[in-house]
Amino acid sequence: MNKAISRAGPVRALGAMSGTSLDGVDAAVVETDGDVITGFGKTAYRPYPEAERAILRAALGRWQGPAVAEASRVVTEAHAQVLAGFEGVDLVGFHGQTLAHDPRNRGTLQVGDGSALAQGLGVPVVWDFRSDDVAMGGEGAPLAPFFHHACARWIGADAPLAFLNLGGVGNLTYVDSSFDRPEAEGALLAFDTGPANAPINDLMLERLGLPMDEGGALALRGKVETGALELFLDEPYFTRIPPKSLDRNDFAEMIGLVSELGDADAVATLTAMIAAAVAQGMAHCPSQPDRVLVTGGGRMNPVLMEMLRVSLDCPVEPVESVGLDGDMLEAQAFAYLAVRVARGLPTSCPGTTGVRALVGGGTVSVPQMDAAG
Ligand SMILES: Nc1ncnc2c1ncn2[C@@H]1O[C@H](COP(=O)(O)OP(=O)(O)OP(=O)(O)O)[C@@H](O)[C@H]1O
Ligand SMILES: CC(=O)N[C@H]1[C@@H]2OC[C@@H](O2)[C@@H](O)[C@@H]1O[C@H](C)C(=O)O
């Protein structure tokens with residue numbers, strides 16, 4: 001193990017995340033001892049060109065076979081490119097790309113080869129963050145909550161607050177940072193709220209050949225079909241007690257609920273469904289958070305943000321309002337979690353994933369020295 005990691009004190013960790021919306025790889029440096037954040041560093045983004053994205057899309061929902069191997073190759077290569085642009089890094093946290101997630105039955109699959117990345121970069125890489133949690137009866141997701149607890153301390157939060165990530169899937173973390181440690185009972189409650197941008201993107205691609213509803217422009221022109229919204233909210237997932245998690249395509253059939261509607265009404269209704277799922281989720285929080293800090297691409301959609309403001313009983317703001325970076329929070333989370341794994345600290349607990357006991361999940365790959373050198 002790198003000497004800096006095995007000593008106490010802060011290290012420079014580089015995190016990388018390839019999220020469920022399949023847009024690209026985010027990478028970001030965090031300086032931390034695995035407990036307290038002491039600084040944020042350089043960031044980078046490497047989009048997947050359409051040909052690569054098509055390879056990833058073709059492998060979604062699969063557990064093995066040539067499509068999965070091909071996706072893994074694309075993910076490893078894309079990460080090798082973006083991570084090579086960073087210098088002076090002690091450790092890498094590599095999430096990889098989730099292709100399938102079924103924690104109760106088949107497990108969870110993130111592709112990309114962390115061992116090859118460690119070798120290529122010459123830096124230890126922590127990867128496969130979710131499997132140990134699933135093996136211990138947890139959901140394997142969400143994992144950002146321990147980092148959210150550190151962020152709440154970083155911003156000096158003096159009341160419970162919520163982080164809401166609106167990526168392909170939505171996830172919410174209720175944080176009470178009056179508890180010093182994230183694993184303390186009552187410090188964290190986390191779960192996936194429901195689908196977020198994935199169904200909007202899928203419908204935009206299918207009907208209009210566009211990757212997203214940029215700026216919520218189409219939803220703004222549409223009318224919400226309340227019958228479809230009510231049918232969607234009948235789904236038992238929303239009343240299930242958390243922790244709970246979702247696969248990207250678990251709600252793929254919701255597009256069927258808007259299939260008879262025109263494009264603008266269909267997108268407006270999907271957008272309302274996403275906001276309503278968050279509102280249902282908020283009811284599971286142990287107390288009303290002081291505010292909801294929104295991260296992920298969904299915070300760039302003003303129609304979705306306005307629907308959230310109307311349906312939640314507290315202020316809803318992008319994380320930039322407290323000086324955090326909403327494009328990079330997940331990459332930063334895996335930098336932070338990598339340091340925790342390397343130092344034997346837990347990364348999930350019963351309140352975040354429903355796991356039976358504290359788990360520090362992840363494989364550490366250390367680059368091997370050339371035998372001749
Ligand atoms: N300007 C914008 N207007 C509307 N939507 C946007 C905008 N920018 C990003 N988005 C939405 O956010 C998505 C990307 O979000 P993000 O990068 O947070 O997802 P992710 O990290 O891949 O997903 P997850 O958090 O589920 O793993 C885009 O695919 C798009 O749907
Ligand atoms: C299995 C999986 O990859 N889940 C992702 C996905 O994307 C958002 C939501 O669903 C969340 O549960 C998780 O990612 C974030 C980074 C997490 O683990 O906190």
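Q: What should I know before I start?
A: This is a predicted model: local features need pLDDT of at least 70, side-chain atom pairs count only at pLDDT 80 or more, and totals for chains, interfaces and linings use all residues. Residues are numbered from 1 along each chain as its sequence is written, while chains are lettered from A and ligands numbered from 1 in the order in which they are written.

Q: Is α6 mostly covered or mostly uncovered?
A: First, the terms. Helices (H or I, at least four residues) and strands (E, at least two) are DSSP runs, numbered from the N terminus. A residue is buried if 20 or more other C-beta atoms lie within 10 Å of its own, exposed if 12 or fewer, and partly exposed in between, with C-beta atoms placed from the backbone. Here, α6 is mostly covered, with 8 of its 10 residues buried. Among them are P145, F146 and H149. The cover includes β3, β7, β8, β9, α12 and α13.

Q: How do α6 and α12 cross?
A: Axes are lines fitted to C-alpha atoms, for helices over the stretch in contact, and angles run from 0 to 180 degrees between N-to-C directions. Angles under 35 degrees count as roughly parallel, over 145 as roughly antiparallel, 65 to 115 as roughly perpendicular and the rest as oblique. The axes of α6 (residues 145-154) and α12 (residues 329-342) come within 9 Å and cross at roughly 100°. The two helices are therefore roughly perpendicular.

Q: Which residues of α6 and α12 meet?
A: Contact means that the C-beta atoms of two residues, placed from the backbone, lie within 7 Å. From α6 come F146, F147 and A150; from α12 come Q332, A333, Y336, L337 and R340. For classes, Ala, Val, Leu, Ile, Met, Phe, Trp, Tyr, Cys and Pro count as nonpolar, Asp, Glu, Lys and Arg as charged, and the others, Gly among them, as polar. This contact has 6 nonpolar, 1 polar and 1 charged residues.

Q: Where is P182, and what is it in contact with?
A: P182 sits in the loop between β8 (169-175) and β9 (188-195). P182 counts as buried because it has 28 C-beta neighbours inside 10 Å. Leaving aside neighbours within four places in sequence, its contacts are P145, F146, H149, A187 and L188. P182 and P145 are 37 residues apart along the chain, yet their C-alpha atoms are separated by 8.2 Å.

Q: What surrounds ligand 1?
A: A residue is near a molecule if its C-beta atom, placed from the backbone, lies within 6 Å of it. Ligand 1 has 22 residues around it, and the closest are G19, G167, N197, G296 and G297. Helix α7 (residues 197-208) gives the most, with 3 residues. By class, the shell has 4 nonpolar, 14 polar and 4 charged residues.

Q: Which residues does a cis peptide bond join?
A: One such bond joins A141 and P142, with omega about -10°. Another joins P242 and P243, with omega about 0°.

Q: What is the phi of L22?
A: L22 has a positive phi of about 65°, although it is not a glycine. L22 lies in the loop between β1 (11-18) and β2 (24-32).
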